[in-house]
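Subject: Structure handover

Hello,

Here is the structure for you to take over. My notes follow below it.

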Number of protein chains: 4
Amino acid sequence: MSLIPSKSRLAHIVFEHDDKASKNFDLWVLVLILASLLVVILDSEPSLNEKYHQEFYLLEWIFTLLFTIEYFLRLWLSNRKLGYVFSFYGMVDLLAIIPTYLSLFLINTQFLVVIRGLRLLRVVRIFKLARYMREADTLKKALINSRTKIQLFVGTILTVVLITGTVMFIVEGPESGFTSIGVSMYWAIVTLTTVGYGDITPLTPIGKFLSAVIMLLGYAIIAVPTGIVSSELTAVKRESKQITKKFCKTCKTSNLDEDSNYCKYCGEQL
Amino acid sequence: MSLIPSKSRLAHIVFEHDDKASKNFDLWVLVLILASLLVVILDSEPSLNEKYHQEFYLLEWIFTLLFTIEYFLRLWLSNRKLGYVFSFYGMVDLLAIIPTYLSLFLINTQFLVVIRGLRLLRVVRIFKLARYMREADTLKKALINSRTKIQLFVGTILTVVLITGTVMFIVEGPESGFTSIGVSMYWAIVTLTTVGYGDITPLTPIGKFLSAVIMLLGYAIIAVPTGIVSSELTAVKRESKQITKKFCKTCKTSNLDEDSNYCKYCGEQL
Amino acid sequence: MSLIPSKSRLAHIVFEHDDKASKNFDLWVLVLILASLLVVILDSEPSLNEKYHQEFYLLEWIFTLLFTIEYFLRLWLSNRKLGYVFSFYGMVDLLAIIPTYLSLFLINTQFLVVIRGLRLLRVVRIFKLARYMREADTLKKALINSRTKIQLFVGTILTVVLITGTVMFIVEGPESGFTSIGVSMYWAIVTLTTVGYGDITPLTPIGKFLSAVIMLLGYAIIAVPTGIVSSELTAVKRESKQITKKFCKTCKTSNLDEDSNYCKYCGEQL
Amino acid sequence: MSLIPSKSRLAHIVFEHDDKASKNFDLWVLVLILASLLVVILDSEPSLNEKYHQEFYLLEWIFTLLFTIEYFLRLWLSNRKLGYVFSFYGMVDLLAIIPTYLSLFLINTQFLVVIRGLRLLRVVRIFKLARYMREADTLKKALINSRTKIQLFVGTILTVVLITGTVMFIVEGPESGFTSIGVSMYWAIVTLTTVGYGDITPLTPIGKFLSAVIMLLGYAIIAVPTGIVSSELTAVKRESKQITKKFCKTCKTSNLDEDSNYCKYCGEQL
C-alpha cells in the first residue's frame, strides 16, 4: 500500500463528494477560498495594509500557489482537458490565480487604477464556491416561472422612474440637487426602493408632496414582486405534492393516493 | 415586383407583428424610442449639454422627423383616421413630436421654465412602448381584484399619517424641523414607508419614542398590501389551472370537473 | 307638500344611505370633514398663517357651526340620546367642535402649547370618516386571526432591540451618538425597520460589522409578518370558497360540489 | 391552617401556571423583570443618571435581592438541582444577579469599559421572559422548514455584497468614503437591505448608476425570503387542517383520509 494514491483514486478525491478523503479535500478548498477572500478584504483596509503589508503579500502568494496546484491537478485529472479549461469553473479557477502573477509585471508601472482593479479581481474566487451549492432548484424554478412578470415589473418601475425623475427635475431644479434628469432618476430609484439615503431631498412644498405620492406608490408597488414570487413558490410546492394519482375501475374514482392498494371509497383492489 | 410595397402591405408591416418585415419595423421603432429618450436624459446633464449641445440638437431633430413620418404613416394607413387621432396611442404619438416644433417659436422668449418643461415633455415617448407590452393580464387582474382593499389600506395610511403628523408637530415643534402639519405629514410618510431620508428627524426623547412606535407600526402595516396582492395572485393562479373541463352534451354545461364520469347537473354519462 | 321634511324623514336622511337625499347628506358631510381638515393643515403653515389668518379663522368658525348643527341634529333625531352621546361616533362628533369653543376662553392666556395642542385636536374629525368605511371585514378577520403571532413577533423584535441597543451602546459609546441605551434602542428600531435616517450611524469597524449583521437579520425578520398576514388572507379566502359538500350514498363519495344534482362519479341522483 | 405554605405547595406555585397563587407569582416575576429592565435603560441616560443615581442604585439592589431569593427558591424546590443550575433558565437566572454583586468589587478599579459592560449585562434578564412564551410553534416550524432556503439566500446576498463592495471600491475610491472593501461591503449591505443611512453615498455618475442597479436588485431579492416564509406558512397551515384522520384496525394505519370507507392499504371496511 503506497502513500501516494493512484491517479483514479486522486480523481475520485477531487471530483466526488462521497467518502472521507473527498469530503476532506472539499473542506480544505472551501477553507482556502474563504481565507484568501478574507486576506483580500483585510488587505484593502489602509491601517491594516500599512502594518501587515509583508504578511498579506506572503499569504497571497501561498494561496496563489495552492490554487495553482489545484488548477493543474484538476486539469491533469480531467478526461476532457479543453472542456475543463473553457468551462465556467475552469475560467473561474484560472481567473483566481492570474491576477497575482500579472501583478509581478505591473508592479512598477504607473497604471495604479489598473493594478488595484487587477488585484481586486481576486475576489472572483467567491465563484469557486458555486461548486458547493446544491438545493437551489425550487428557488430557481420559482424565479424562472415568474420571469416574464418580473420583466414587466422592472419595465413599469423604469417608466415610473423616468417620468418621476423628469417631473422632479422640472419642479425642484438644480438648486435642490436635482441637477439633471439622470440624477433625478437616481433619486427616484433611491426613493421608490425605500433606500432613502437623504443625499438629495426635495425642498419645495410641491416637491415634498410629489415625493410623498411616489413613496406611497412605491409602498404599493413593493407588494407586487413579493406577491409574484410568493404565489409561484406556493404553486411549485403544491405541484410537487400532487404527484400521480391512481384510478378505481369499479367506482370510477380517479384521485386516489398513489400509495393506495385498495380504493378508499368502494374497497376494490387496485 | 416593385421596391415600394403596396398600401395594404405597408399597413400589415406597421400594424401587425407576425412576419419578418413587421417585426423589423417594430424593432426599429423600439430602438428609436429608447435612443431618443437617452438623448433627452443626456441632454439634461449640464456638463454634457455644454460640450455636445449641437449634436444633441441635431439628433433631436432627426428623431422628431422620423417620429413625424411614423405619425403620418399611421394616420394615412389607418381606416378610421379620427379614431386614431383621438386614441391613447394617437395622442402619445402626437405629444412625442409637438414639443420640438413648438420650441422653434419659443426659443427666444423669456419663459425659461415653460420651455424647459416643454422640452422635457418629450419623455412622454416612453408611453409609445405600451404598444409592445402584453402579458400584463394576470397582474392587472390581481390588482383590480384587490382594488377595494388597497383603497381601504391607503385610507388607513392617510389617517395614521394625519394623526402622527399632528402629534409630532405638537411634540417636536419647529425647532426640530417639524415646521407645519404638512411638513410633519411628509415626515410621517417618509418614516412609515421606511424611506427615511433623515432630512427631518426627531430630537426630543418623546419624539424619538413616538417615531419608534410609528416605525414598528409601519413595519406591521407593510405586511398587509403584500399579503393582499400575494393571496390574490395565488387565487388567480389556482383558478387559471382548473381549465381542462369536461362538456355535457345534454344540458350544455361546460365547466364540469376533469374527473367526472357523469354530468353533475343532469346525470348524463360523459 | 312642505319644504321642511318631517322628523322621521330627516332621521332617514341623516342615518340611512339608500336614497338620493340621504346620499347627498353623506356627501356634504364628507366634503365638510375633508375641507375642515385641509384648513387645519394649511393654517399650521407659518407663511400661509401670516397671510390668511383672518380667512382661516372665519372658515374654522363656519365649519364649527355646521358640525355643531350636525351634532344637535343627530342628538335630536336619535332615539337613545344618551347612547349616542357616549358612543364612539358621539364622542368624536363632540371632540370635533369643542376645541374651537374652548379657544375663545384660552386665547389670552400664556399656555401656548396647550392652545396649540387644543387647536390641533380638531384633526380628530378624521375619525368622523369611519362612518363611511365598510368592507374592512376580510382584512380585519385576517388581522385578528394572526394577532397572537403578531404579538409574539413584536415581543421578539423588542428583545432583539434591547439586546442590540445595549451591545451597540457598549461598542460605540457616546462619541458616535449612542448616548444611552434608550437612544441605542431608537437606533436599533430605525435600523431593523430599514427606515435608516442616518442621524446616528456606527463609526467603529466593530460597530459597522454588528450593524450589518442586524440589518441582514431585519431583512430576514421582515419576511415573517408579511408571510403571516399573507397566509392568513389566503386561508380566509380559501375557506370562503369551500362551502358545504354533498354526499353520494351509492359510491360513498363525500366531496361532491354543493350544486351537484347527480354524483359525478357514478351518476346516482342525489 | 398555617400562613407558611408547605414545600410541595410552594413548588406548585413557582413551577405551575394553573391556579390563582401560581398565576400571581408569574405576574409578579414578570413585573419585576420589566421594572428592572426599565431601571437599567433609564440609568444609562446621562441626564437621569446624574439626578437619580442614588435611587437607581437602591432599586437595582432591591431587584437583585429579589431575583437572588427567586434563584435560591427555584434551586431549593427543584428535584434535580444540578440540572437546574446548568439549564438555560438556570444560567439566565444566575447571570441576572451576578453583575450587581461583581460591581461591588470592581467599583474602584480603572477598568471602566469592563464595569460598564458588566453592569449592562443585566439586560440578560429579558431572557427570563422566555418562560412565558408559548405558541411559537407554528412560526418555528415554518422557519425550520425554510432553513436551507434561507441559508442559500444569505449565501447569495453575501456573494452579491462582496462583488458589489469590491466594484464600488474600485469605481468610487476613498474620496467618496469607500475607504476599503470592508467599508464598501458595509455600504452594500446598508443599500441592499434598503436601510440607506446616507453616511456613505456614491458621488460619481458611474457609482450612482451601479447603486441604482443594486437597489433594484435588492428590491427584487427582498421578494424571495418573504415568498419562502409565506409559502411555508401556507403549507404548515394547510397541513394542520387535515387532522381528522381515520384509523384502520386491521393494518394499524392511522393517517387515512377522513372520507375513506375502506382502508386504502388493506381494503378493510372502516
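**Chain A overall**

In chain A, 51% of the contacts with a separation of 6 or more are between residues 24 or more positions apart. The model is a predicted one. Chain A has 12 helices and zero strands, so its pattern along the sequence reads α-α-α-α-α-α-α-α-α-α-α-α. Of the 270 residues in chain A, 47% are buried.

**Helices of chain B**

Two packed helices are described by the angle between their axes and the distance between the axes. In chain B, helix α1 (residues 7–15) packs against helix α3 (residues 46–77) at an angle of about 120°, and their axes are 10 Å apart. The two helices, α1(B) and α3(B), are therefore oblique to each other. Their crossing is left-handed. On the α1(B) side the contact is made by B:Lys7, B:Leu10, B:Ala11, B:Val14 and B:Phe15, and on the α3(B) side by B:Leu73, B:Arg74, B:Trp76 and B:Leu77. Sorted by class, this contact of α1(B) with α3(B) has seven nonpolar residues, two charged residues and no polar ones.

Helix α2 of chain B (residues 20–43) has 24 residues. From its first C-alpha to its last, α2(B) reaches 34 Å, close to the 34 Å expected at 1.5 Å a residue. The buried residues of α2(B) include B:Phe25, B:Val29, B:Ile33, B:Leu37 and B:Val40. Also among them are B:Ser22, B:Asp26, B:Ser36 and B:Asp43.

**A serine in a loop of chain B**

B:Ser78 lies in the loop between α3 and α4 (81–85) of chain B. Is B:Ser78 buried or exposed? B:Ser78 has a relative accessible area of 14% and is therefore buried, the cut-off being under 20%. Apart from its neighbours within four places in sequence, B:Ser78 is in contact with B:Phe15 and B:Tyr84. B:Phe15 also takes part in the contact between α1(B) and α3(B).

**A helix pair in chain C**

In chain C, helix α1 (residues 7–15) and helix α2 (residues 20–43) pack at an angle of about 55°, with 7 Å between their axes. That angle makes α1(C) oblique to α2(C). The crossing of α1(C) and α2(C) is right-handed. C:Arg9, C:His12, C:Ile13 and C:Val14 of α1(C) make the contact with C:Ala21, C:Ser22, C:Phe25 and C:Asp26 of α2(C). By class, the contact of α1(C) with α2(C) has four nonpolar, two polar and two charged residues.

Regards

Technical notes. Residues numbered from 1 in each chain as written. Chains lettered and ligands numbered in written order. Predicted model: local features only at pLDDT ≥ 70, side-chain atom pairs only at ≥ 80, totals over all residues. Heavy atoms only, no water. Axes fitted to C-alpha atoms, helices over the stretch in contact; angles between N-to-C directions. Helix = DSSP H or I, 4+ residues; strand = E, 2+ residues; numbered from the N terminus. Parallel < 35°, antiparallel > 145°, perpendicular 65-115°, else oblique. Left-handed = near helix turned anticlockwise from the far one by under 90°. Contact = heavy atoms within 4.5 Å. Nonpolar A, V, L, I, M, F, W, Y, C, P; charged D, E, K, R; others polar. Expected span 1.5 Å × (residues − 1). Buried < 20%, exposed > 50% of the residue type's maximum accessible area, 1.4 Å probe, protein only.
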